[in-house]
Amino acid sequence: KKVWDQVYSRKQAILQYPNENFVRICHSFLEEKDHKVLDWGFGSGNNLLHLLKLGKQVYGLEISNEAVKIAEDRIKSENLPETELSIISENQTSFPNDFFDVVVAWQSIYYNTYEEFITTLTDIIRILKPGGKLIVTVVRKEDSIYNYSDKIGDQTYKISSRFPSQEGSVIFIPDNKEKVISLFERFNQIQVGYFEQKLTDFRGSHWVITGRKNDC
């Protein structure tokens, strides 16, 4: 929380447009009936705003109060419908069971230990409706952040001073694609791909997972 409040208070990581890959997935994966959406870890709100513009009923969760302020200001400045933005605590929510049609966790919930990631995923399953859809990304070892981190546990790393803007953050990085697939065995129709981009000397690389909650 401290790290991300600092990042957003300095107006770092303020993205003005939704991620291109996220837009494509929304276009191909979401349907009109997928109305109630949770954006878990919305950051500066770029993807959240895109969901609002699609006409979705959007809820947002964040760990950073500064991020919430930024997103609220952006929603207001673009005259978009008001939405419920909340602060997450202990990787669990107070939403009712079977509440959301879709949960999005784009470049967010892997900032956890492996154990905390599992706790978060379990809560996501709880609040998704039967047959509800999941869109989530998980960082890959090919991402430069892996080289700036020190291992502290099972598939768990701590970002070092070599990457000062996120120094001290804990991050879950699965070992390989097989490990990723095993994480989402409680979902149907799982699809796992990845996207990658290289900016200057930094390579960003993330697994992208989509699926549906089991009906039973």
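Contact is taken here to mean heavy atoms within 4.5 Å. The structure is a predicted model, in which local features need pLDDT of at least 70 and side-chain atom pairs count only at pLDDT 80 or more, whereas totals for chains, interfaces and linings use all residues. Residues are numbered from 1 along each chain as its sequence is written, and side-chain values use heavy atoms, with hydrogens and water left out.

By this criterion, Thr93 touches Trp40, Leu61, Ile88, Asp123, Arg126 and Ile127, residues up to four places away in sequence not being counted. Thr93 is placed in the loop between β3 and β4, where helices (H or I, at least four residues) and strands (E, at least two) are DSSP runs numbered from the N terminus. With a relative accessibility of 15%, Thr93 counts as buried; buried means under 20% relative accessible area, exposed over 50%, and partly exposed in between, with a 1.4 Å probe and protein chains only. A polar atom of the Thr93 side chain also lies 3.4 Å from the backbone nitrogen of Phe95. A polar contact is defined as a pair of N or O atoms within 3.5 Å; within protein, one must be able to donate a hydrogen and the other to accept it, and residues adjacent in sequence count only if both atoms are side-chain atoms.

Two open sheets are described in turn. One is formed by 7 strands in the order β3-β2-β1-β4-β5-β10-β9, with mixed pairing; two strands pair if DSSP finds at least two bridges between them. Its edge strands are β3 (84–87) and β9 (187–199), each of which pairs on one side only. Neighbouring strands of this sheet are turned by 15° against each other on average, direction ignored, where axes are lines fitted to C-alpha atoms, for helices over the stretch in contact, and angles run from 0 to 180 degrees between N-to-C directions. Within this sheet, strand β1 (residues 36–40) pairs with β4 in the parallel sense over 3 bridges, and Leu38 stands opposite Val103 in β4. The pairing of β4 with β5 is likewise parallel and extends over 5 bridges, with Val102 opposite Lys133 in β5. Of the 12 residues of β5, 9 are buried, so this strand is largely enclosed by the rest of the structure. Helix α5 lies across β1, β4, β5, β9 and β10 and runs at about 150° to β5.

The other sheet is also open and consists of 3 strands in the order β6-β7-β8, paired in the antiparallel sense. Strands β6 (149–153) and β8 (170–172) stand at its edges with a single partner strand each, so one side of each is left without a neighbour in the sheet. Strand β7 (residues 156–159) is joined to β8 by 3 bridges, and the bridge partner of Thr156 in β8 is Phe172.

Among the helices, α2 (residues 20–29) has Phe22, Ile25, Cys26 and Phe29 as its buried residues. Seen down the axis of α2, these residues fall within an arc of 100°, so they line one face of the helix; the arc is that of the directions from the helix axis to the C-beta atoms. The buried residues of α2 pack against α3 (46–53), β4, β5 (128–139) and β10 (202–213), while Glu20, Arg24, His27 and Ser28 are exposed on the other side of the helix. At the start of α2, a side-chain oxygen of Asn19 reaches to within 2.8 Å of the backbone nitrogen of Asn21.

A helix pair is formed by α1 (residues 2–9) and α4 (residues 65–77), whose axes come within 7 Å and cross at roughly 35°. In this pair, Asp5, Tyr8 and Ser9 of α1 meet Asn65, Glu66, Ala67 and Ile70 of α4.

Positive phi values occur in two glutamine residues in loops. Gln107, in the loop between β4 (100–105) and α5 (114–127), has a phi near 55° and, at 31% relative accessibility, counts as partly exposed. Gln155, in the loop between β6 and β7, has a positive phi of about 55° although it is not a glycine, and Gln155 counts as buried at 5% relative accessibility.
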